[in-house]
Amino acid sequence: MNVLIVEDEKSLSHEIEIFLTGQGYNCDVAFNGRSASEKIFVNSYDFVLLDLGLPDYNGFDILKEAKDANRDSSFIILTARGHTDDKIKGLDLGADDYLAKPFSLMELHSRMHAITRRKHGLKVNTITIHDFIMDVQNRTIHCKGASVNLTKKEFDLLHYLALHKNRVLTRMQLSEHIWGDVLEEDFDSNYIDVHIKNLRKKLTAHAPVDWIETVRGIGYRVNF
Amino acid sequence: MKLQLKLAIYNAISKALIILAIGLILPLLVESVVLNHIDKRLEARRDLILKKIKLGGLDQAILEEDCSFDDYNIFKEEFIHIDGLNVSFNNVPKSSIAIEDWSIGDQVVTERVIKQPFIYDNQWYMLNIGEGMSTIGQLKTTISKFTLLVMVIVVLVSIFIDIAFVRLTLKPFNLIVSNKLKNIKDPTSFTPQVISTSTFEFKHLDESINEMMKKMKDLFTVEKEFISNVSHELLTPISILQNRLENIVADSKTPEEVSIKIIESQKTLSRLSRIIRALLLISKIENEQYLKDEAVAVRSTINEAIHELEDRLDEKKIAVVFDIRDDFTVQRANHSLLHILFFNLLNNAIKYNKQGGKITLTGQLNSEGYMLEIADTGCGIQAKHLTDIFDRFKRFNAEDKNSYGLGLPIVKTIANFHHIAVSVRSVPDEGTTFTLKFTA
C-alpha cells in the first residue's frame, strides 16, 4: 500500500517512514503543501498522513483539493495545533481519522488498519491466535466453539497486541491505546498488568495462553 | 444614586434657591419702588401746597385743598397737617421724610410723612403730609404668596422635565454600557457598531470603548495564536522524540537493557506531553475557546465516567453508592469538558481511596439550584492543603506524596467556565467530599 507522509518536520516524517516501511508500506514524503498537492494529483495513494500546520499551505485546503479531484485516498490528520474544532472540521471535510501529536506509531498503524478494514468492507474479519478466534467485526472471541466473555478494554488490549503480533508493546503504548487522551500526568500504566492478568485468567480457562508473553521491564508480546 | 436623579435633585434645589432669593428680594424691591413713588407724590403735593400758600395765603390754601389744619381722609389714608411752630429761626426743624406712627383722633396709623417747615407772616409753620402704608404691606404678602406658589409649580415641573431630559440624554450611555460592556463576554464577539448620540462625552466614551475592545480583540487573537503556536512548538519535538524512541525499541538489534532505559524515557516524555496538554487545556478554556452549545445531563455524564473507570473501581474493589435522586441539565454546556470534570473527580476518588473503599454520589435539587457531592473514603487531605489543591501553580512538599497534579486545577477551570461552584471538605484518614453547586 502506498502512503504519502505530508509533514514539514523532516525528523518526524523520517521516523514515520522508517516505521511504516517496516510494516510493509511504500512511503513517499512531502515537506510542504505545494509538493504534497502535486504528488496527490500525480500519484495514487492509499493513505495520506496530513499535518495541518504546513508552512505554505493550509492543510485543510489539500484535503479539499484531493476530495474535489475525487481521489479515494484515505486521509489521517496529524496535528499538534490542538484546536478543538480542527477535528470536527477535518472529519467534516472527509478525513478518515484524526491523531493529535504526539501519537504512538503503533496507534497510527492500528488506525490505518481499521480504515483499510472499513474501506474494503471485509465481511469475515477474524484473527486466529492459536486456539482462539477473534471476530473483530462483532467484537467476540471463541475457543473451540465456546465463547469467552471479555470486557471492552480486555478485547481492545488483545486485539491491539494481535495486530502487532510478535512485537513487544510497552505498557505506555497499550494504556494509551485503551485509555486514549487521559490528561493525567502521573498516569499509571501499571493498570495494564491488571488487565493482562484478568485476560490470561479468562483465556486459560479454555486453552493455554503461553503465547501471551511478558517481556520483563518492557511490556507484552503476543506470538503467533 | 442614579445620575439622572442626582441631576434632577440638583436642578430642583438650585431653582428653589433662586426662586427663594427672588421671593425674599422682590418684596423689598417692591417696597422701595412704592416708597419712592409715594415720596414723589408727597413732594409734589408739598410743593403745590407751598405754592398755593405763597400765592393765595394760608387760609386760601387750606380752603382750596379742602382740608383743615388737621385733616385726615380715612379712605385715602392720607392727611395734611399744618402746625404752628413756636421757635426761633435757628431752631427750626429740618425738612424730612420718614415712616411715622401718627395718631389721628383715637387712631394710630403708620404713615409715610413728609415734613416741611415754612414761614408765613413771620410765623414758622410745619407742613406734614402723610400717606398710608397699609397697601404696601398687602402688596408684600400678595407678592410673597404668589412667588411661593410659582416656586412650587416651577420646581415640580422642572423636576419632571429634568428627569425626562436627563433620561433622554443618558440613553446612549445606557446603550453603550449594556451593548458594549455588560453583554460582551468575549471580546471576539464584539462588533464595533457606533451608537448615535449628540453628546460629545458619550461619543468619546463610545469611541474609546470601541478602540479598547479592538485592542483586546487583537490581544485575544494573539493569545489564541500563541497557544496554538506553543502547542505546535512544544508537541512537535515531543512527537519526534516519542516516535524515534518507539522505533528504537521496536528494532530487534536494540539490546534489552537499552530498551528498558528507553521505555523509562518514554514514560517521562509521555508525562511531559500530558502536562503540556493539561496546561493547554486550561488556557484554552480560560480563553473561551470551547463552545457551550449543548444541554448536558449530569446523571448520564457521570454514568459515562463511571463506566469508563469501571476497571479501576474493580481493581480496588471500590463500591459506588449512586444516590443521584434528581437529575439536572446544564444548559449551555460543553459535554466533553463536563465529562473531563466528572472523570477527574471520580478518578481522584478512586486513586486516593483505600482498597475496598466506597464512593458516594449524591445529587439533589434544592432552593438554590442543584447540589452534587462526590465523597470518598480515602486518605483525606490535610486542612492546610485544602485551599491549594485547585491552584495549578501550588505544589505540595514532595515528602507529603500528596501531589494532586493538574486534575483538580482542570476541574476548577471547567467549573468556572460553566459557573459551577466547587468546594471541598476533608477529614484526614476518613475521606474527602467535593461539592458542586449548579445554579438553575
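**Figure 1. The buried face of helix 3 of chain A in the predicted model.** Helix 3 of chain A spans residues 59-68, and Gly59(A), Ile62(A), Leu63(A) and Ala66(A) are buried within it. Viewed down the helix axis, these buried residues fall within an arc of 100°, so they line one face of helix 3 of chain A. Their packing partners in chain A are strand 1 (2-6), helix 2 (33-42), strand 3 (47-51) and strand 4 (74-79). Asn70(A), which follows helix 3 of chain A, has a positive phi, near 65°.

**Figure 2. Ile88(A) in helix 4 of chain A.** Helix 4 of chain A comprises residues 84-92 and includes Ile88(A). Ile88(A) has 11 other C-beta atoms within 10 Å. Because a residue counts as exposed at 12 or fewer such neighbours, Ile88(A) is classed as exposed. Tyr98(A) lies ten residues from Ile88(A) along the chain, and the C-alpha atoms of the two residues are separated by 9.3 Å.

**Figure 3. The side of chain A that touches chain B.** Contacts between the two chains involve 32 residues of chain A and 39 residues of chain B. On the chain A side, the elements that give two or more residues are helix 1 (10-22) and helix 8 (191-204). Helix 1 of chain A gives the most, with six residues. By residue class, the side of chain A that touches chain B divides into 13 nonpolar, ten polar and nine charged residues.

**Figure 4. The crossing of helix 1 of chain A and helix 4 of chain B.** Helix 4 of chain B spans residues 200-250, and its axis comes within 9 Å of that of helix 1 of chain A, with a crossing angle of roughly 30°. Since angles under 35 degrees count as roughly parallel, helix 1 of chain A is roughly parallel to helix 4 of chain B. The crossing of these two helices is left-handed.

**Figure 5. Residues in the contact of helix 1 of chain A with helix 4 of chain B.** Helix 1 of chain A makes this contact through Ser11(A), Leu12(A), Glu15(A), Ile16(A), Ile18(A) and Phe19(A). From helix 4 of chain B, the contributing residues are Thr236(B), Ser239(B), Ile240(B), Asn243(B), Arg244(B) and Asn247(B). The residues of this contact comprise five nonpolar, five polar and two charged.

How values were computed
Residues are numbered from 1 along each chain as its sequence is written. Chains are lettered from A and ligands numbered from 1 in the order in which they are written. This is a predicted model: local features need pLDDT of at least 70, side-chain atom pairs count only at pLDDT 80 or more; totals for chains, interfaces and linings use all residues. Two residues are in contact if their C-beta atoms, placed from the backbone, lie within 7 Å. Helices (H or I, at least four residues) and strands (E, at least two) are DSSP runs, numbered from the N terminus. Ala, Val, Leu, Ile, Met, Phe, Trp, Tyr, Cys and Pro count as nonpolar, Asp, Glu, Lys and Arg as charged, and the others, Gly among them, as polar. A residue is buried if 20 or more other C-beta atoms lie within 10 Å of its own, exposed if 12 or fewer, and partly exposed in between; C-beta atoms are placed from the backbone. The arc is that of the directions from the helix axis to the C-beta atoms. Axes are lines fitted to C-alpha atoms, for helices over the stretch in contact, and angles run from 0 to 180 degrees between N-to-C directions. Angles under 35 degrees count as roughly parallel, over 145 as roughly antiparallel, 65 to 115 as roughly perpendicular and the rest as oblique. A crossing is left-handed if the near helix is turned anticlockwise from the far one by less than a right angle, and right-handed if clockwise.
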